[in-house]
Amino acid sequence: MKRYLCSIIIGMVVILSIGTYYVKVASSASSLPKYTFKTLEGSDKELDPVIINASLQNSSNFYEPLTIESNTTTYASERSYLENLTGRQGHEIETLVKEHRSFMRGKDSISSLYEDDDFLAYAWVNSEYTKSGNMEAKFDIGLLEKKDEEETSFQIELPNQGRIMNADVRDVQLVHSKLQVLTMNDVNSNNEKQTKEVHLYTIDVANKKVLSDKTLITETFTDPEQVDFEMPIDVAPSMPNNMVLISLIKGVNHEDGFEEKLKESKLISYNYETEKLETVKKGSLSLDMARSGYSDGKNLYAVEMKSGKYRIKTFDLSSQTITNDTELDIAANKEEQYTAAFKNGRVYFLLNEMNQEGKTNKPAKLLIADIKTGKTLYKGETVMNKKDSKSFGLFIHDLEIK
């Protein structure tokens with residue numbers, strides 16, 4: 001009897017402790033300001049798919065992550081213990097986990113995933129260094145056939161791994177039943193020189209083998225020379241794309257910073273279907289606009305600040321021409337930072353003015369417009385429900401669209 005009584009007491013203490021924790025959390029969260037968007041123009045129904053990841057900060061080193069989703073604020077402290085333990089994942093990852101929980105276990109990088117109507121595929125480089133200092137690397141490969149929920153998963157050695165210091169998966173496509181895995185690799189040159197390469201691995205999933213290892217780009221340099229590769233923001237990272245864009249950046253490291261060699265830097269495209277690699281003729285697009293743009297594999301959306309307004313230029317990747325140039329009905333301010341998203345024929349444009357500490361007390365502004373016509377579908381700005389919250393600053397991290 002004493003043994004059971006002891007167990008009952010311990011159980012009650014645990015329950016009371018958990019209850020006290022959640023009461024404190026709820027009380028703490030209720031004292032924080034809630035942010036919503038006040039509609040200035042258009043329909044607030046346009047806000048339904050909008051997700052804004054941000055954090056609340058003040059001068060007393062207070063920091064609390066928050067999400068504004070469907071115009072409702074939720075703080076990290078209001079989420080479940082399990083949600084906070086695993087960390088917040090992007091909307092696309094969360095959706096895939098809900099739909100294919102078994103296959104998605106341990107998979108949290110959207111750039112390593114591919115999805116179409118029939119398949120969900122995954123590729124990741126799993127590496128570690130041995131005691132001798134050499135890297136041992138393997139591909140983690142997964143393929144899910146959605147119709148019958150049949151899963152295939154295996155590991156296979158990365159080709160020529162003895163010369164590779166690091167391999168970062170940047171894009172995965174399924175072309176003619178073969179998995180195409182694009183990586184950016186740091187290569188061991190065994191001397192003072194450094195080498196960076198872009199590789200395309202073709203993997204036969206049915207026979208569990210690497211069919212080819214193609215080096216798309218290779219650049220060797222010696223300090224203070226510097227080479228780097230960047231990719232525009234992919235607005236549909238797991239969706240089928242025929243084309244991928246890579247920025248080649250060349251420059252020199254000086255004592256006062258990095259100086260880019262604009263004449264040697266360029267934007268390069270690779271077509272998975274035709275296997276054609278070429279330098280993009282940007283026309284009126286500057287290199288900076290092009291590489292900081294947003295791509296969906298068919299178009300590149302570049303943002304330009306001109307005559308006090310923001311413009312969105314749509315650059316067709318196949319014809320390498322600008323097919324649309326739209327002015328947004330929102331004033332441009334050099335002190336403001338923008339975050340954009342493109343989906344369903346719309347551009348979602350979020351502006352917030354940042355101070356030297358990286359936060360703002362001024363309202364963030366959101367514009368939703370038709371990408372072709374520039375017609376404003378929604379315009380609004382953030383408001384707080386507490387008037388005594390001037391000491392807090394809202395720091396916006398990113399913008400997602402469901």
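Gln180 has Thr202 in β11 as its bridge partner. This is a predicted model, where local features need pLDDT of at least 70, side-chain atom pairs count only at pLDDT 80 or more, and totals for chains, interfaces and linings use all residues. Residues are numbered from 1 along each chain as its sequence is written, and side-chain values use heavy atoms, leaving out hydrogens and water.

Back to the strands (DSSP E runs of at least two residues; helices are H or I runs of at least four). Here are the two that pair, pairing being at least two DSSP bridges:

| Strand | Residues |
|---|---|
| β10 | 178-187 |
| β11 | 194-204 |

They run antiparallel, over 9 bridges. Both sit in an open sheet of 4 strands, ordered β9-β10-β11-β12 with antiparallel pairing. β9 and β12 (209-221) are the edges, each pairing on one side only.

Now for the largest pocket (an open set of 1 Å grid points with protein on both sides within 12 Å along at least five of seven lines, using a 1.4 Å probe; lining residues have an atom within 4 Å of a point). Its lining counts 49 residues, with Glu92, Asp234, Val235, Ala236 and Pro237 nearest the centre. Elements giving two or more residues to that lining include α3 (91-99), β9 (164-175) and β27 (392-401).

What about α3 itself? Its buried residues are His91, Ile93, Leu96 and Val97, where buried means under 20% relative accessible area with a 1.4 Å probe, protein chains only. Among what covers them are β2 (50-58), β6 (119-129) and β27.

Note on methods: Buried < 20%, exposed > 50% of the residue type's maximum accessible area, 1.4 Å probe, protein only. Contact = heavy atoms within 4.5 Å.
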